[in-house]
Amino acid sequence: MPSVKWECICRDTQPGESVHVVGGIGELGNWDTGKSVPMGTSADSFPKWSSPNVGVPSGHSFEYKFVIRGGGGDKWEGIDGNRQLRVEGDGTETVTCQWGKKQGVDAPPPMPGGHGSVRDRVAQAAAAEASRAPASVGGTGSGSVALDDFGKKLAERNGQGKSWRQKLDAVLDGLVETLGLVNDVDVRKA
């Protein structure tokens, strides 16, 4: 039986609240938030919330959503419809989503070579962008605007006291936004 570890980037929680994953299969509580799978975070990993590995049926599509529990009750993420996932084979998959943002199905077709992560897509898009318009720092080429925007975003996100992983994530998030890629899903094999 395959398993899934969910990661949800969510900054909308208050002290005493936590993000949960709930869905239309028994392993996710059959839409009962009282039986949902709690996710955890820490000062170092916030705003990323992570679930334990959850065994899910192979070859079966199911729907799910994230919900914030605690405090004043349940707060469902505000997306149209539900998220969908289909897991094939065995092993563990990590599914990373962003609270309140949805891209159709959360298991996009893998990129050539079997890589379906946002990081792979960023690298491919950056290479494609570089081949279309030479980026000149401070120049007049069309690439300079994207580089200026990226530089501003990087400076905003890449604060002091962050770990190298947090800084790398800030760089990748900035690239994703600058290049106009969708960054609500990252499916990786563990």
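The model is predicted, so local features are reported only at pLDDT of at least 70 and side-chain atom pairs only at pLDDT 80 or more, while totals for chains, interfaces and linings use all residues. Residues are numbered from 1 along each chain as its sequence is written, and side-chain values use heavy atoms, with hydrogens and water left out.

The chain has three helices and ten strands. These elements are DSSP runs numbered from the N terminus, a helix being H or I over at least four residues and a strand being E over at least two. Their order from the N terminus is β-β-β-β-β-β-β-β-β-α-α-α-β. Of the 190 residues of the chain, 34% count as buried; the term means under 20% relative accessible area, with exposed meaning over 50% and partly exposed the range in between (1.4 Å probe, protein chains only). Contacts are defined by heavy atoms within 4.5 Å. Among contacts between residues at least 6 apart in sequence, 63% join residues at least 24 apart.

In soluble globular proteins, nonpolar side chains tend to be buried together. A nonpolar core is here a set of buried Ala, Val, Leu, Ile, Met, Phe, Trp, Tyr and Cys residues joined through side-chain atoms within 4.5 Å. The largest such core comprises 22 residues, of which Trp6, Leu28, Tyr64 and Phe66 touch the most other members. Strands β1, β2, β6 (60-69), β8 (83-87) and β9 (92-98) each give two or more residues to this core. The largest share, four residues, comes from β6.

The structure also holds six aromatic pairs. Rings of Phe, Tyr and Trp (its six-membered ring) are paired if their centres lie within 6.5 Å; planes under 30 degrees apart are stacked, those over 60 edge-to-face and the rest tilted. Tyr64 and Phe66 form an edge-to-face pair, with 5.8 Å from centre to centre and 85° between the planes. Tyr64 is buried, at 0% relative accessibility, and Phe66 is likewise buried at 0%. Ring pairs link Trp6, Phe62, Tyr64 and Phe66 into a cluster.

Side chains of opposite charge can pair when their charged atoms come close. Four salt bridges are present, each requiring a side-chain nitrogen of Lys or Arg within 4 Å of a carboxyl oxygen of Asp or Glu. One of them joins Glu7 and Lys48, at 3.8 Å from N to O. This pair links distant parts of the chain, with Glu7 in strand β1 and Lys48 in strand β4 (residues 48-50), 41 residues apart. Glu7 is buried at 7% relative accessibility, whereas Lys48 is partly exposed at 26%. In the salt bridge between Asp74 and Arg69, the closest N and O atoms are 2.8 Å apart. Asp74 is partly exposed at 35% relative accessibility, and Arg69 is partly exposed at 25%. A salt bridge between Glu77 and Arg83 has its closest N and O atoms 2.9 Å apart; both Glu77 and Arg83 are buried.

Glu17 lies in the loop between β1 (3-9) and β2 (18-23). Glu17 is buried but has no salt bridge, and the nearest side chain of opposite charge, that of Lys75, is 4.4 Å away. For this assignment Lys and Arg count as positive and Asp and Glu as negative, while His and the chain ends are not counted. A polar atom of the Glu17 side chain lies 2.7 Å from the backbone nitrogen of Gln14. Beyond its neighbours within four places in sequence, Glu17 is in contact with residues including Asp12, Trp49, Ile68 and Lys75.

Asp12 is in the loop between β1 and β2 and is partly exposed, with a relative accessible area of 39%. The side chains of Asp12 and Trp99 are joined by a polar contact of 2.9 Å, a term for N or O atoms within 3.5 Å; within protein, one must be able to donate a hydrogen and the other to accept it, and residues adjacent in sequence count only if both atoms are side-chain atoms. Asp12 and Gly100, 88 residues apart in sequence, are 9.8 Å apart from C-alpha to C-alpha.

Most residues other than glycine have a negative phi, and most peptide bonds are trans. Phe46 and Pro47 are joined by a cis peptide bond, with omega about 20°; Pro47 lies in the loop between β3 (37-38) and β4. Asn30 has a positive phi near 50°, and Trp31 has a positive phi of about 70°. Asn30 is in the loop between β2 and β3. Trp31 lies in the loop between β2 and β3 and is partly exposed at 31% relative accessible area.
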